[in-house]
Amino acid sequence: MIELGGLHSYLVVGAFLFCAGMACVLLKRNVIHMLMGIELIFNASAINFIAFDHFNSMELSGQLMSGQVMGLFVIVLAAAEAAVALALVLAMFQMIKTPNIDDMSKLKG
Amino acid sequence: MENNALLWIILFPLLSSIFIRLYGKGVGRKAVSLIACSSVGVSFVLAVYAVLAFASDHQVQVDHVFLWLRTDQLHTWFRLSLDSLSAVMICVITGVGTLIHVYSTGYMHHEKAFERYFAYLNLFMAMMLILVLADNFLLMFVGWEGVGLCSYLLIGFYYQDHKNADAGKKAFVVNRVGDFAFIVGLLSLFWALGTQAGVWSFDFAVIRDHISSISSVQILGLSAFTFISLMMFIGATGKSAQIPLYVWLPDAMAGPTPVSALIHAATMVTSGIYMICRLSFLFDAAPVTLEVISWIGGLTALFAATMALVQNDIKKVLAYSTVSQLGYMFLACGVGAYASGMFHVVTHAFFKALLFLGAGSVIHACSHEQDMRKMGGLRKSLPITFWIFVIGTLAISGMFPFAGFFSKDEILWQLWNHSKYLWFLAIFTAGLTSFYMFRCLFMTFWGECKLDASSKAALHESPPSMTIPLITLAVLSCVGGWVWWPGFMPLTQFFPHWLESSVIVRHPHGSHFAELLLTALSLLVALGSASMAYVFYVSNISLPQKCGAKCKALYKVFANLYYVDEIYEALFVRPCKSLSKSLSVFDQKYVDGFVNGMSKVLRLVVFIMGSIDRFIVDGLVHFFAYLTKTMGIWVQRIQNGHIQMYLAVLVTGVGFFIALYLGYFGL
């Protein structure tokens with residue numbers, strides 16, 4: 001069984017978040033919803049970074065904190081990504097007047 | 001002496017001919033006549049200028065135009081040279097040519113193909129000038145063939161009538177026979193000189209210098225001199241209408257009358273005489289050939305004169321008279337009197353051009369009627385033409401002091417000193433000449449006018465463009481002979497002295513008294529024949545018919561021209577035609593059959609090869625194309641532009657590999 005408060009329980013939460021985010025990205029038709037799913041995926045990865053950092057630095061008895069720095073990076077990255085992606089989505093929306101991802105298939109071969 | 005003017009003498013008519021043929025329709029008739037006449041006129045002026053330059057120092061003038069053929073042994077130039085012989089010829093050609101061009105502008109006035117006529121006439125002038133100015137055989141041959149071509153083109157000028165086109169063809173084919181012999185002679189000479197003296201050259205001067213080296217050569221059992229000169233003489237009989245190749249000249253009258261005057265009387269037909277004079281050094285070394293030439297010439301003169309006796313077409317009379325006079329010239333050449341022959345060429349050019357143009361003027365006035373039986377009494381309505389015709393007739397009959405008297409008398413005197421038979425032949429012919437020419441004169445200008453009413457009403461004297469050349473020629477026919485007076489007269493003998501530098505000149509050794517007697521005799525014969533013609537055709541008109549009835553057989557032979565045309569028809573033309581017919585059958589049946597069979601086989605092969613190509617090669621290509629296309633269509637469906645689909649595939653793939661990894665290494 002999975003020990004509560006241990007590394008595994010964090011990883012399970014992360015995996016759950018990732019799966020929820022991926023499902024959101026794959027299944028939602030609205031672009032905004034897909035972007036929200038991407039945020040979930042980011043956060044899942046952030047949780048993993050921080051959890052691994054926490055438990056691995058305890059075992060190595062060192063205070064490197066590199067995982068936590070990566071967590072911060074992920075947040076920054078998420079913010080930047082949200083800004084760029086929302087700008088793109090707005091521009092698309094102005095062009096085709098709908099948020100539906102199925103209508104955005106102009107780049108198909 | 002170098003001289004670049006000679007080329008221009010030729011170039012003016014040549015360029016004018018090209019220009020008129022290309023642009024004549026565009027520039028209008030006035031411009032065409034102006035260009036045509038002035039180009040020939042300018043070349044006449046240049047010719048006179050060149051001859052005067054030659055006369056001042058007697059240096060042969062040479063114009064190196066360009067190196068034409070160049071091999072190891074043979075260097076042939078396109079080179080023109082002017083010596084005393086060609087000087088005489090170019091003066092006659094350009095002088096008479098200019099007059100006839102001017103005359104033609106009036107005569108051809110109503111003609112539709114005005115431009116074509118002048119283009120060919122100019123081209124003829126250029127070719128004839130090349131012929132006489134050439135200083136080697138090859139270039140001379142260019143002119144020789146060129147004038148033949150122009151003659152053909154102009155005889156067949158009214159080609160819409162099939163008969164005229166046939167006359168042109170006849171002239172061309174008959175000339176071809178002569179030309180063939182001419183080439184054989186020319187190449188034999190070239191070969192003999194090359195193998196004997198090691199001199200490979202066509203230049204007249206070189207040939208003259210080395211001619212003695214071939215004296216021992218035999219060709220076909222004859223000495224080289226005899227063989228070569230005979231062959232060249234046959235060439236001359238073609239061009240100059242002698243037995244047996246004279247048949248084309250009477251038919252050549254199908255062309256426009258000025259053409260008959262220029263080409264078929266004054267210039268082209270004398271090129272045979274010119275050639276013999278040019279090669280007098282060769283002919284003089286072949287006594288057998290000379291004998292042949294004199295007899296052929298004499299017989300031609302006689303036979304043609306008898307045929308002229310019974311002609312009713314005014315142009316035909318003149319045509320046979322031309323043949324007869326050419327015979328006279330050959331007669332002179334045959335006894336080695338080349339200068340006398342040349343002299344007759346010159347005077348004949350004047351009075352025969354005059355007679356032809358006069359006849360043209362008559363024909364023009366009589367609405368293109370050529371039959372003398374329908375004319376008559378024209379001397380009141382055509383006074384200028386009448387007087388001109390009188391002068392021409394007096395000149396050709398050899399009346400003193402007209403041009404013909406001097407040349408004919410000179411020839412007779414030379415003949416007397418050579419052979420009495422030939423002399424008799426010639427003086428008999430002279431009588432006939434006088435008779436038929438006065439017959440022609442009387443039938444045309446005396447008696448009652450028998451033209452129909454409409455032609456009678458349209459009767460008119462020719463315009464000045466025609467009468468002025470006529471008057472000029474009439475003056476020349478009067479004074480043209482005054483350059484060589486008989487030996488018993490203490491006057492100039494300019495002509496033979498002039499020719500001495502290029503032609504062998506002989507002065508007979510008979511006494512002046514004998515010459516005087518003979519001259520008187522020939523004058524008597526001419527006068528007697530003329531008065532006989534007067535009796536026959538003016539004072540007692542029924543006499544010719546009575547005579548004709550009495551000597552029916554003879555008349556028939558004369559009128560049918562000795563059946564020569566029929567004989568040629570049976571001997572050459574018909575066999576040739578039937579041969580071509582059978583050849584054509586052979587061609588259609590066997591040659592074409594073979595070709596068609598081959599084409600069928602080929603078509604089968606091609607069909608098989610085509611099938612292979614279509615089904616196997618193309619099939620393979622199409623199959624691969626189809627495969628690629630189908631795959632493309634299938635693969636294309638994956639890339640549908642739905643980003644979620646891509647993501648789903650990506651995630652599935654990653655998941656698959658993770659599962660694989662875990663399954664492989666275990667958890």
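This is a predicted model: local features need pLDDT of at least 70, side-chain atom pairs count only at pLDDT 80 or more; totals for chains, interfaces and linings use all residues.
## The interface of chain A and chain B

The size of an interface is often given as the accessible area lost when the parts come together. Here chain A and chain B bury about 890 Å² between them, and 62% of that area lies on carbon and sulfur atoms. On the side of chain A that touches chain B, α1(A) gives the most, with 4 residues. That side of chain A divides into 7 nonpolar, 2 polar and 4 charged residues.

The contact draws 13 residues from chain A and 10 residues from chain B. Although 4 charged residues are present on the side of chain A, the count of salt bridges between chain A and chain B is 0.

## Confidence in chain A

Chain A has a mean pLDDT of 86, and 89% of its residues reach 70 or more. Within chain A, confidence is highest in helix α1 (residues 7-27), at a mean of 91. It is lowest in helix α2 (residues 31-59) of chain A, where the mean is 88.

## The domains of chain B

Chain B is divided into two parts: domain 1 covers 5-559 and domain 2 covers 564-649. Taken over C-alpha atoms, the centres of domain 1 of chain B and domain 2 of chain B are separated by 61 Å.

## A salt bridge in chain B

Side chains of opposite charge can pair when their charged atoms come close. Over all chains, the count comes to 11 salt bridges. One of them joins the side chains of Arg79(B) and Asp203(B), at 2.4 Å from N to O.

## Backbone features of chain B

Most residues other than glycine have a negative phi, and most peptide bonds are trans. Which residues of chain B does a cis peptide bond join, with omega of about 5°? They are Ile243(B) and Pro244(B). Pro244(B) is placed in the loop between α8 (224-239) and α9 (248-251) of chain B. A cis peptide bond also joins Phe400(B) and Pro401(B), with omega of about 0°. The loop that holds Pro401(B) runs between α16 (383-397) and α17 (403-418) of chain B.

Leu220(B) is not a glycine, yet its phi is positive, at about 50°. Leu220(B) is found in the loop between β3 (218-219) and β4 (222-223) of chain B.

How values were computed: Residues are numbered from 1 along each chain as its sequence is written. Chains are lettered from A and ligands numbered from 1 in the order in which they are written. Side-chain values use heavy atoms; hydrogens and water are left out. pLDDT is the predictor's confidence in each residue, from 0 to 100. Helices (H or I, at least four residues) and strands (E, at least two) are DSSP runs, numbered from the N terminus. Contact means heavy atoms within 4.5 Å. Buried area is the accessible area (1.4 Å probe) that two parts lose on being put together, summed over both. A salt bridge is a side-chain nitrogen of Lys or Arg within 4 Å of a carboxyl oxygen of Asp or Glu. Ala, Val, Leu, Ile, Met, Phe, Trp, Tyr, Cys and Pro count as nonpolar, Asp, Glu, Lys and Arg as charged, and the others, Gly among them, as polar. Domain bounds come from an automatic or database domain assignment.
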